[in-house]
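Work through these exercises with the sequence and the model side by side. Each task is followed by a stepwise solution.

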Amino acid sequence: FVPSDQKIFQTTSVYNSIHRINGVSIIGKLSLSEKVLRSEKLLNYVSQLNPTIRLHSSMGYVFYPNVASESVKSLKAIYSAIFRGNELSKIGLHFKSMLSGLDDVAISSYRALKRRAIKIFSKKRIKLFALESMSEQAPNPESRIVLSSERDKLGMNRVNLNWQLSSIDIDSAIRSQKILDQTFKSAGLGRLYSLLDAATPPRKIKGGWHHMGTTRMHIDPHKGVVDINSRVHGMSNLFIAGPSVFPTSGYANPSLTIVALAVRLADHVKTIMENYMIESNNPNFLVLNRNENGALGHDN
């Protein structure tokens with residue numbers, strides 16, 4: 001994000017560093033409203049503004065990105081054949097494709113010249129915000145964890161992670177950034193240059209440190225592992241607590257949700273135990289309860 005006024009760096013510290021307020025760590029982030037998310041059918045998305053300084057010469061591909069079109073691909077193929085001696089089959093089709101998209105060819109050539117000029121002549125530095133974005137992933141049955149045939153030193157099967165991004169994950173993040181860019185420009189704050197490409201996910205993309213999913217909660221056993229009470233489908237006495245039961249990941253830190261689900265499950269299991277004790281009239285059955293201070297205790 002390249003601001004139109006450098007004074008913005010003096011008023012946005014809440015967005016780019018962690019602050020301690022009454023013992024609580026807080027930081028501001030940019031997000032889209034629920035109304036926008038619903039109307040645009042987007043996944044949850046949030047970005048943190050990190051101020052940084054970049055050489056103008058290193059920002060050529062940001063300010064003047066490549067044009068992705070068949071006519072430009074044909075131009076590059078013809079260029080490589082003429083100036084680099086590469087073989088080129090169906091040259092007539094390439095010329096036809098290039099001529100059918102002369103506007104894209106002109107824009108691509110202009111941007112290439114601007115990038116080269118910036119790289120050669122510009123020595124200035126630009127202060128800008130690099131966005132650290134976090135985005136929700138849509139549930140994807142092909143993205144999963146399975147046991148491999150390889151075993152560790154204890155003879156246990158190793159875990160094989162097959163983490164995949166779907167087109168909706170990338171498209172949603174791209175659209176979210178376009179909406180942010182439109183908002184920045186309409187407010188006169190500056191311009192957001194997105195590095196996301198629908199065809200090629202960014203090289204630095206990675207998952208967060210909060211592992212979620214794999215024993216998804218769903219009322220239908222064909223679509224989830226546990227039911228609405230965190231009980232494994234088809235099992236009467238096996239329950240799972242933790243972020244693995246999340247139906248979807250969201251984007252926020254999951255700790256509060258994990259605790260809430262664990263407390264909810266504990267209350268549910270306690271109710272089951274109490275009912276079983278009443279029905280069986282078993283005086284030795286262990287029942288959990290809370291004392292006046294809220295601490296867990298037990299009665300035999």
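**Exercise 1.** What volume does the second largest pocket have? Identify its lining.

*Solution.* The model is predicted; local features need pLDDT of at least 70, side-chain atom pairs count only at pLDDT 80 or more, and totals for chains, interfaces and linings use all residues. Residues are numbered from 1 along each chain as its sequence is written, and side-chain values use heavy atoms, with hydrogens and water left out.

Step 1. The second largest pocket has a volume of about 660 Å³. A pocket is an open set of points on a 1 Å grid over the protein atoms alone, where a 1.4 Å probe fits, with protein on both sides within 12 Å along at least five of seven lines. The volume is the space filled by probe spheres set on the points.

Step 2. This pocket is lined by 18 residues, and Tyr61, Ala112, Leu113, Arg115 and Arg116 are the closest to its centre. A lining residue has an atom within 4 Å of a point.

Step 3. Helix H3 (60-63), H4 and H6 each give two or more residues to the lining. H6 gives the most, with seven residues. Helices are DSSP runs of H or I with at least four residues; strands are E runs of at least two.

**Exercise 2.** Is Arg115 buried or exposed? List its contacts.

*Solution.* Step 1. Find Arg115 in helix H6 (residues 102-121).

Step 1. Its relative accessible area is 12%, so Arg115 is buried. Buried means under 20%, exposed over 50%, and partly exposed in between (1.4 Å probe, protein chains only).

Step 2. Leave out residues up to four places away in sequence; Arg115 then touches Gly60, Tyr61, Tyr64, Pro65 and Asn66. Contact means heavy atoms within 4.5 Å.

**Exercise 3.** How many salt bridges does the structure hold? Examine three of them.

*Solution.* Step 1. The count is seven. The criterion is a side-chain nitrogen of Lys or Arg within 4 Å of a carboxyl oxygen of Asp or Glu.

Step 1. Lys73 pairs with Glu70 at 3.6 Å, N to O. The two are about one helical turn apart, because they sit three residues apart in helix H4 (residues 70-83).

Step 2. Arg191 pairs with Asp181, with 3.3 Å between the closest N and O atoms. This pair links distant parts of the chain, 10 residues apart: Arg191 is in strand S9 (residues 190-191) and Asp181 in helix H7 (residues 167-186). Arg191 is partly exposed at 35% relative accessible area, whereas Asp181 is buried at 9%. A network of salt bridges links Asp181, Lys185 and Arg191.

Step 3. Arg231 pairs with Asp227; their closest N and O atoms are 3.1 Å apart. Arg231 is partly exposed, at 27%. Asp227 counts as buried, at 11%.

**Exercise 4.** Which residues make the nonpolar surface patch of about 670 Å²?

*Solution.* Step 1. The members are Ile145, Leu147, Val159, Leu161, Trp163, Leu165 and Ile205. Patch residues have over 30% relative accessible area and no salt bridge; nonpolar side chains (Val, Leu, Ile, Met, Phe, Trp, Tyr) are joined within 5 Å. Accessible areas come from the Shrake-Rupley method with a 1.4 Å probe.

Step 1. Strand S7 (144-151) and strand S8 (157-162) each supply at least two residues.

Step 2. Check one member: Leu161 lies in strand S8. Leu161 counts as exposed, at 58% relative accessibility.

Terms used. Patch = residues over 30% accessible without salt bridge, like charges linked within 9 Å, V, L, I, M, F, W, Y side chains within 5 Å.
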